[in-house]
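My notes follow, in the order I took them.

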Amino acid sequence: MNKSAAACAFRPTNTVAGFAVGFAATDLALQVFFIFAGPIIGLLTTGMKPGENPVTDRALEIFVLTVSGLVTAIFFGGVVSFLFWVLRSNANLKSLGAEHTRFSPAWSVIVFLFPFVNLIAPYFVMSEIWKSSDPQPPGAGVEEWVKQRHSKLVLGWWSTIILYSILAIPTQFMAIRASFMMMVALRIIIDITTIRLIRKIVRMQALRHERMEPQDRVADAGAVMPVAVGLPAAGPPASPLLWTFPTGGEVNSTPAFANGVLFFGSDDGNLYALDAEGGSERWRLKCRGTVDGIITVNGGSAGTDAMATGGRVYFGSGAYSISAADADTGKLLWSRKAAPGITVSPMLYGGYLLFGANDKHIRAIEPATGEEVWRFRTGKAVAAAGAGCDSTVYFGCLDKNIYALDATTGVLRWQTRLGGVIDSPPAVTGGLLGCGSRDENVYALDAKTGVIRWTCRTGGIVSSRPAITKDSLYVGSQDGTFYAIDADSGVILWAVTVGEPIFSSPALGEDFVCFGGYDSNVHVLNRSTGALLSRFITGGWIRSSPAVSGDRIFIGSADHSLYALRSCPPPDGSAPQPLKTTETAG
């Protein structure tokens, strides 16, 4: 890092970006309003002549003036906030280690204002900010940086702005006349791409700053650097990152770990097998559709050679199918489609694969062949994975019922109706079944009888699977808060707010609980107190649920990557705990 970088403090742009995104979102809502309001006004005024009804004419005049003023205010507010965000984002580049930028912070704004220059220069400004914010640049040298690809998002965003500007030229100078609806459609595209561009760059800059070597980080003046547990307050925290593996799509699947191998799916349509120690690829299987559910592994007996003794990987895909692959080679063994669609992940329990579907059925199939063994009809679609315990399988359903079925025969043992739709996978431990609901409650039921023991109210929809110990139930809510609840009474023991919805299901370590959030962070908390042990920011929101082995955490992100992290990296830099050889399913 050079001296000029050291002289510039990194300042997160979240606040000013929020204003810019807010104006763009408001303009987007206004354009959508125009789509519906225009035809309605035209219908109401059909056949009316000017001056025929002075009251109506005056009302329409006031309406048009009000809307015009609102559009103008939103436009200028959006431009000012966007340019201020560009200024702040460019000012961060030096502190992020960019040594070869062509535009200073001031010039990055000025080029937007000069006629003719603003036809092309702003594109290069935004491309420079994009490339310099990349958390994983192709190389450290100038040549590698220059050769780095320009973003398709930046190109599409600026091309749409140029097209809109050309079509907005007075029609007497144009060979074609742009329709009102065409202009509105282009404005909507501009708003959407602007929001995506701002959010992406904010996340990339935060991630790049997070991944810089501690001695190279420059905090905002007066800001307090986060301190990991066990580190002296004066020192920077050690990074929990062990390795990362990039894919071609969002990684929303829950990975599974078995015998030193990590299995996960991606929205690029591939199922991957990686060496869990270093992240090197063993194989990948191209599937039909995205692979974004829970991966289930049957690795045979535990041991280093278990993959060669009949191990299989079971997974669902966006092609509405359940499939099995050889865990050692990645060869597809069979694939089964169920009409009208399998929407959730398979569960291996009691010798069968079990899953729900949109056709209002829960099914059990043979793991070796995919042949159906039994099916059970529900009241509505089953939108979440199940759980199994004591020869019983449990599924939540969109008809608000929890169903308990005999795992061997599919015979109903009990069903209990909750207060809201259920798309939260249940969890069962020690006779206690925990489940969330769209009515914003967490429910605890007796696993044998289905009797509701207690309910606990959160501030949002609960769609993640709880994690249960003999003493506590842990779960995240879409209110942006993670809860630890007493397993016996339903009383909240502690709660930690992360500020963004939590879809990720928690995973338990020996003394910690971890989960991902829509704030792009992987959070690791002390199980007893909720104290923050470590936090790692990725480049995208997280719907994936973590898999844990010892002190290692494996989790995917919408930034197209899978991450291997340590729960709480020690200050002495000691090696992680050895990986377990026993299999785990997500």
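Entry 1: Leaving aside neighbours within four places in sequence, which residues is methionine 126 in contact with? I looked this up in what is a predicted model, and I found Phe82, Trp85, Val86, Phe112, Val154, Trp157, Leu197 and Ile201.

I then asked where this methionine stands in the nonpolar core. Met126 is listed with Phe82, Trp85 and Phe112 as the residues that have the most contacts inside the largest nonpolar core, a set of 33 residues. I noted the elements that give two or more residues to this core: α2 (14-44), α3 (54-91), α5 (121-133), α7 (152-167) and α8 (180-211). Of these, α8 gives the most, with seven residues. Apart from this core I found another one, of 16 residues, and Ala258, Trp283, Val313 and Phe315 are among them.

**Entry 2: the rings.** I counted aromatic pairs next, and the structure holds 22.

Entry 3: I started with α5, where 12 of the 13 residues are buried, so I wrote it down as mostly covered. The buried ones include Met126, and also Glu128 and Lys131. I checked the length too: at 1.5 Å a residue, the 13 residues of α5 should span 18 Å, and the end C-alpha atoms are 18 Å apart, which agrees.

I did the same for α7. Its 16 residues should span 22 Å at 1.5 Å a residue, and its end C-alpha atoms are 22 Å apart, so expectation and model agree. In α7 I found Leu153, Val154, Trp157, Trp158, Thr160, Ile161 and Leu167 buried. At the N-terminal end of α7, serine 151 is the cap, with a side-chain oxygen 3.0 Å from the backbone nitrogen of leucine 153.

Entry 4: I picked out two residues here. Asparagine 259 has a phi near 55 degrees, a positive value in a residue other than glycine. I placed asparagine 259 in the loop between β2 (256-258) and β3 (261-265). Is asparagine 259 buried or exposed? Its relative accessibility is 9%, under the 20% cut-off, so it counts as buried.

Serine 520 is the other one, with a positive phi of about 75 degrees although it is not a glycine. I found serine 520 in the loop between β27 (512-516) and β28 (521-526). At 2% relative accessibility, serine 520 counts as buried.

Entry 5: Histidine 361 is in strand β12, residues 361-365, and it counts as buried at 11% relative accessibility. What does its side chain reach? I found the backbone oxygen of aspartate 359, at 3.0 Å. Not counting residues up to four places away in sequence, histidine 361 touches Phe355, Gly356, Arg375, Phe376, Arg377, Thr378 and Val382.

I turned to glycine 379, in the loop between β13 (372-377) and β14 (387-389). With a relative accessible area of 39%, this glycine is partly exposed, because that value falls between the cut-offs of 20% and 50%. Beyond four places in sequence, glycine 379 touches Lys360, Asp399 and Tyr403. Glycine 379 and lysine 360 are 19 residues apart in sequence, with 6.3 Å from C-alpha to C-alpha.

**Entry 6: an alanine in a strand.** I looked up alanine 325, which lies in strand β8 (residues 321-326). Alanine 325 is buried, with a relative accessible area of 0%. Leaving aside neighbours within four places, its contacts include Leu285, Val313, Phe315 and Leu333. I also took down its C-alpha separation from serine 335, 10 residues along the chain: 8.9 Å.

**Entry 7: the whole chain.** Last, I noted the totals. There are eight helices and 32 strands in the chain, and buried residues make up 51% of its 586 residues. Among contacts between residues at least 6 apart in sequence, 51% join residues at least 24 apart.

Definitions and conventions
Residues numbered from 1 in each chain as written. Predicted model: local features only at pLDDT ≥ 70, side-chain atom pairs only at ≥ 80, totals over all residues. Heavy atoms only, no water. Core = buried A, V, L, I, M, F, W, Y, C linked by side-chain atoms within 4.5 Å. Buried < 20%, exposed > 50% of the residue type's maximum accessible area, 1.4 Å probe, protein only. Helix = DSSP H or I, 4+ residues; strand = E, 2+ residues; numbered from the N terminus. Contact = heavy atoms within 4.5 Å. Phe/Tyr/Trp six-rings, centres within 6.5 Å; stacked < 30°, edge-to-face > 60°. Expected span 1.5 Å × (residues − 1). Polar contact = N/O pair within 3.5 Å; in protein donor to acceptor, adjacent residues only side chain to side chain.
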